[in-house]
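Hi,

Here is the structure I said I'd pass on. Have a look at it first, and then read my notes below.

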Amino acid sequence: MERVIHPIGQGAFYSEQFENFTIVYDCGEWRKTRKAQQVVDRSFSFGSEIDILFISHFDFDHISLIPILKQNCQIKLCILPVINNIEKIIITNIYKALGKEDLATLVTNPKDFFGPTTKIIYIDILNNNQIIENLEIDGVLRKRRIDSLIDEEYIPSGTELSFSEIDWVFVPYNIEHTERRNELINTIKKHNLIIRFFSTEYNVYIENEIDEIRKVYSSLHGGINSNSMYLYSGPAKKDVSGFISILEFYYKKFFQCEYRTGCVYTGDGKLFEVKKIYKNYWHTVGTIQLPHHGSGKNFDYKFFSSQKERYIFFASFGNNNSYGHPSKDVIINIHNNNSDFFPVSETVATEFVEVIRNNF
């Protein structure tokens with residue numbers, strides 16, 4: 001398998017290509033630049049099949065390039081997070097105000113956006129206060145075969161998704177952070193966008209208030225979506241000694257890291273949650289996406305429990321972003337704890353590739 005952290009800039013675009021199976025996690029960039037579009041264009045040959053597209057959440061920098069991916073590739077299955085109905089209306093109206101009707105459709109009706117040949121699966125919301133209690137049901141992990149999923153089915157967070165070709169699983173968790181939704185709603189109120197904004201029937205009102213709505217969008221540091229769907233991708237077996245991970249960075253600079261070949265994708269979530277959520281898989285995790293482009297607010301400075309743990313962290317960010325991503329303090333903390341950080345920007349040379357081989 002080849003895991004690629006594409007040089008998309010201030011956004012997210014990650015893929016894993018097995019011999020006969022391909023997944024993508026997020027596909028977007030904050031300005032939807034021509035350079036970013038070219039990255040998506042060249043990543044897959046025209047007409048290629050994407051077996052699963054995972055969407056972490058609906059902020060622009062994580063979904064803006066999905067229309068291009070859809071145009072170039074056949075997306076067989078899209079797995080996306082359920083979001084609160086009020087939040088869905090707000091996000092949709094913001095995208096309409098920004099002139100992004102296609103993204104508004106993606107949020108409100110994914111089936112219409114992708115078309116009849118794409119199966120849609122929803123991951124139910126899990127409040128961050130319920131994480132530990134909902135890891136298992138009656139002591140048994142939830143398990144589903146990918147080919148058994150039913151179109152427009154809702155499945156619980158933490159369901160282990162597998163396919164027949166290899167002993168590899170995908171485990172999505174849709175975590176809701178209510179404080180971010182409260183920030184969104186309070187910001188709307190501060191801009192005097194009254195309750196009609198929360199209705200699906202006020203398109204004329206939205207057009208009249210377009211400038212204020214755009215101000216709301218630009219003023220939100222945390223984005224417009226409070227959810228973030230994490231994803232574990234890694235070996236299903238407890239004994240993973242047969243897997244070897246080889247990393248490529250900055251034009252074929254190699255080093256080898258054995259056994260810990262699992263990866264956790266975090267979207268714009270929070271790092272302190274992932275060890276709790278993926279406690280049953282943590283012995284396989286070696287690669288981790290830094291949440292929110294390496295923001296210090298989403299990092300956990302108590303993450304490392306011992307100097308013996310070694311992880312590979314990566315973050316996608318724009319070279320000239322105005323947010324200070326990635327945080328220098330985060331990078332220092334990683335290096336001080338026997339781990340490595342790989343910065344992936346819009347510079348082509350920063351593409352990060354992890355080749356995972358079954359050594360049996």
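A quick definition before anything else: buried means under 20% relative accessible area. Also keep in mind that this is a predicted model.

Let's start with helix α1, which spans residues 34-43. Its buried residues include A36, V39, V40 and S43. They sit on the same side of α1, because they cover an arc of only 95° around the axis.

Next, the nonpolar cores. The largest has 34 residues, and the members that touch the most others in it are L53, I55, F58, I66, L69, L106 and F114. Helix α5 (residues 101-108) is the top contributor to this core, giving four residues.

Finally, have a look at N321, in the loop between β19 (312-316) and α11 (328-335). Is N321 buried or exposed? Its relative accessible area is 12%, so N321 counts as buried. Polar atoms of the N321 side chain lie 2.7 Å from the backbone oxygen of G318 and 3.2 Å from the backbone nitrogen of G324. Not counting residues up to four places away in sequence, N321 touches Q10 and W30.

Cheers

Key:
Residues are numbered from 1 along each chain as its sequence is written. This is a predicted model: local features need pLDDT of at least 70, side-chain atom pairs count only at pLDDT 80 or more; totals for chains, interfaces and linings use all residues. Side-chain values use heavy atoms; hydrogens and water are left out. A nonpolar core is a set of buried Ala, Val, Leu, Ile, Met, Phe, Trp, Tyr and Cys residues joined through side-chain atoms within 4.5 Å. Buried means under 20% relative accessible area, exposed over 50%, partly exposed in between (1.4 Å probe, protein chains only). Helices (H or I, at least four residues) and strands (E, at least two) are DSSP runs, numbered from the N terminus. A polar contact is a pair of N or O atoms within 3.5 Å; within protein, one must be able to donate a hydrogen and the other to accept it, and residues adjacent in sequence count only if both atoms are side-chain atoms. Contact means heavy atoms within 4.5 Å. The arc is that of the directions from the helix axis to the C-beta atoms.
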